[in-house]
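Hi everyone, thanks for making time.

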Amino acid sequence: MYERCNDMKLRDPELLHMYANADGVMVPSVTHIINIKSKPALVSMANAIGKYQNWDIKEFMGKKALLGTEVHKLIELFLKNELEGYEVQEQYPGFIRQSMIRFNNFKKWFEMLEPELIESELQLAGKEYGGTLDSIFKF
C-alpha cells in the first residue's frame, strides 16, 4: 500500500532520494534503488560511442541530464499553467533549441490526445520505498 507523503514529510533535503512514509520512516526512492544496480552493458556502450565519436562521455551524459531536467521543468510548468514568463537559460550551445524541440513534441502529443490531468508531481511512499509520479492522465 502506498500513501501520499504528507506536506510535513515530503523529502528530507539532507537525504537525497529519500521519502518519509506514513509511519515517519525514511525509505529510499525507486530512482535511488535503480541507480545502485550496476549497468555494465550501458557503460560499455557509452564508452564505445565515446571512443568512436571522440566524446567525453561524462560531459555528454551531464548535458543530457541538464536537458532532461529542463524539459521536465517546462512540462511541469505547462501542466500547472505557470509557463508564462519562464525563460530557458542557455546551459551550452544549442541547449535552448534542444529543450524547446522536446517540449514542443510533448505539447503536440498533449494537444493531439487531450488527456485530463489528474495529478502532477504526486509523492508516494510505502513501507520499503517511495517516489514521485510526474503526471497521472485520464484518456
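Before we start, when I say contact, I mean heavy atoms within 4.5 Å. And please keep in mind that this is a predicted model.

With that in hand, let's look at leucine 74. Setting aside neighbours within four places in sequence, leucine 74 is in contact with Leu83, Tyr86, Val88, Ser99, Met100 and Phe103.

Leucine 74 also belongs to the largest nonpolar core, which has twelve residues, including Val71, Ile75, Phe78, Tyr92 and Phe110. Two helices, α3 (57–79) and α4 (95–113), each supply at least two residues of this core. Which helix gives the largest share? That is α3, with six residues.

Now, on to a pair of serines. Serine 99 sits in helix α4. Is serine 99 buried or exposed? Its relative accessibility is 0%, so serine 99 counts as buried. And what does its side chain reach? The backbone oxygen of phenylalanine 95, at 2.8 Å. Beyond four places in sequence, serine 99 is in contact with Leu67, Glu70, Val71, Leu74 and Val88.

Serine 135 is our other stop, and you'll find it in strand β5, residues 130–138. Serine 135 counts as partly exposed because its relative accessibility is 28%. Serine 120 is 15 residues away along the chain, yet the two C-alpha atoms are separated by 4.4 Å. Serine 120 is also among the contacts of serine 135 beyond four places in sequence, together with Leu79, Leu117 and Glu119.

That's my tour, and I'm happy to take questions.

Definitions and conventions: Residues are numbered from 1 along each chain as its sequence is written. This is a predicted model: local features need pLDDT of at least 70, side-chain atom pairs count only at pLDDT 80 or more; totals for chains, interfaces and linings use all residues. Side-chain values use heavy atoms; hydrogens and water are left out. A nonpolar core is a set of buried Ala, Val, Leu, Ile, Met, Phe, Trp, Tyr and Cys residues joined through side-chain atoms within 4.5 Å. Buried means under 20% relative accessible area, exposed over 50%, partly exposed in between (1.4 Å probe, protein chains only). Helices (H or I, at least four residues) and strands (E, at least two) are DSSP runs, numbered from the N terminus. A polar contact is a pair of N or O atoms within 3.5 Å; within protein, one must be able to donate a hydrogen and the other to accept it, and residues adjacent in sequence count only if both atoms are side-chain atoms.
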